[in-house]
Amino acid sequence: MVYLPEGDVSIHALARLFGNTTECYKFFWFKALFEEVLKQESDTVVLTYEEIVNHMICDAWYMVTEFHLSLGPSDTLEKLVLYIQSKEAFPSNVKRNELLYYLMETDDVFVSKTREALIRYVPYRLQSPFLLMKNKEEFFRKSQSVQIERINTYAEAIYFYSSFNGLKTTITIRPQWVSYFCKNGAVVKGWLEDCLIHYLQRRNPGVPGIIDKLEPPEKRDLKAVSDYYHTILDAGVELRDIYTGILLTKETSLSIDHFVPWSYVAHDELWNLNPTTQSVNSSKGNALPDWHTYFEGLCQQEYAIASRIHESEVIHKAFEKCAKKNLNDVHIKERLYGQCQEFDVFANTLETIIKPVYTSALNCGFKDRWVYHG
């Protein structure tokens with residue numbers, strides 16, 4: 001095998017890696033091998049097709065099961081994730097090691113056949129920018145063994161292959177690429193994420209917060225919102241849980257609910273939040289509450305609070321502190337909380353803000369008509 005000198009890599013070919021990408025597989029295949037290079041911190045990185053495909057499944061898991069992102073029309077990786085979730089009842093936040101163990105041990109026929117389908121094209125098509133040949137499409141229709149033999153002659157390619165052996169086939173990342181990825185990890189990661197974000201946004205038009213849906217989120221900080229509601233309670237404002245009607249008090253262990261689930265909106269904007277109890281919030285999970293049952297209660301609660309913002313200096317101060325982080329749209333802040341208004345006007349304004357988001361989440365597959373049953 002002929003190697004280029006270390007550091008001598010074709011950046012121009014790398015930049016074309018995701019050109020004209022119509023499926024998600026290249027992103028997840030490259031992401032898997034790139035992350036394994038950084039993880040192993042070795043000059044020699046050898047991976048099996050099976051290891052890479054399992055990595056792909058784990059990377060796609062949360063964005064598909066929790067955020068309901070579409071990876072593409074009739075996407076095989078997405079179908080496989082949803083099949084495993086349905087069959088094994090794994091939660092969206094299943095531990096990565098637990099999911100990997102399942103994938104390594106399972107003898108499920110559908111899982112095996114689908115993983116084999118995932119390796120039919122992507123290991124070779126990913127390296128297309130490095131291949132100087134005519135009629136590439138005809139070449140990629142040849143057997144995998146023929147493709148392996150030919151691509152292995154290209155020393156510029158990112159990796160070379162062992163003899164084809166199904167999911168046990170291995171790829172070896174060329175040393176110059178290992179070196180490049182390790183030295184430029186942050187840049188490559190940023191480029192990869194930018195390409196993936198653009199791809200996912202095309203496949204999920206209208207879905208907010210794509211940039212926050214590539215990986216499971218870190219712990220979110222809702223302290224300012226919690227302090228805001230506690231200040232309201234301390235000021236003597238009556239708050240009730242909109243789902244149960246239970247009176248909330250200073251002694252209540254408050255939980256902050258996202259009316260339209262956070263896993264869809266991917267933000268903590270105040271207009272979509274309301275105080276509830278931990279048990280109710282846990283019961284609701286990522287479901288959409290029944291609009292006709294609960295929206296009016298949300299309006300009444302928000303209106304009662306908004307009416308006090310300009311009457312109480314203490315509440316106003318807490319509101320402004322919360323708004324710095326949890327009310328980022330100036331126009332919404334002015335329309336909802338900027339002045340005293342009649343309830344019907346306030347309710348109509350809130351509906352024009354929330355209803356389109358609610359409907360979009362519904363169209364993306366989030367379960368609706370959730371009603372609390374104690």
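This is a predicted model: local features need pLDDT of at least 70, side-chain atom pairs count only at pLDDT 80 or more; totals for chains, interfaces and linings use all residues.
Residues are numbered from 1 along each chain as its sequence is written, and side-chain values use heavy atoms, with hydrogens and water left out. Local features need pLDDT of at least 70 and side-chain atom pairs count only at pLDDT 80 or more, while totals for chains, interfaces and linings use all residues.

The largest pocket holds about 490 Å³ of space. A pocket here is an open set of points on a 1 Å grid over the protein atoms alone, where a 1.4 Å probe fits, with protein on both sides within 12 Å along at least five of seven lines; lining residues have an atom within 4 Å of a point. The volume is the space filled by probe spheres set on the points, which are joined across faces, edges and corners. Of its 21 lining residues, Asn20, Thr22, Glu23, Lys26 and Arg125 are the closest to the centre. Two or more lining residues come from each of H2 (25-40), H6 (109-118), H7 (122-125) and H8 (136-139). Helices (H or I, at least four residues) and strands (E, at least two) are DSSP runs, numbered from the N terminus. The lining divides by class into eight nonpolar, six polar and seven charged residues; Ala, Val, Leu, Ile, Met, Phe, Trp, Tyr, Cys and Pro count as nonpolar, Asp, Glu, Lys and Arg as charged, and the others, Gly among them, as polar.

Buried means under 20% relative accessible area, exposed over 50%, and partly exposed in between (1.4 Å probe, protein chains only).

| Helix | Buried residues | Packs against |
|---|---|---|
| H5 (residues 96-105) | Leu99, Tyr102, Leu103 | H3, H4 (76-88), H6 |
| H10 (residues 175-183) | Gln176, Trp177, Val178, Ser179, Tyr180, Phe181 | H1 (11-15), H2, E1 (45-48), E3 (170-173), H11 (185-203) |

The buried residues of H5 fall within an arc of 95° seen down its axis, so they line one face of the helix; the arc is that of the directions from the helix axis to the C-beta atoms. Asn97, Tyr101, Met104 and Glu105 are exposed on the other side of H5.

Lys223 lies in helix H12 (residues 223-234) and counts as exposed, at 53% relative accessibility.

Key
Contact means heavy atoms within 4.5 Å.
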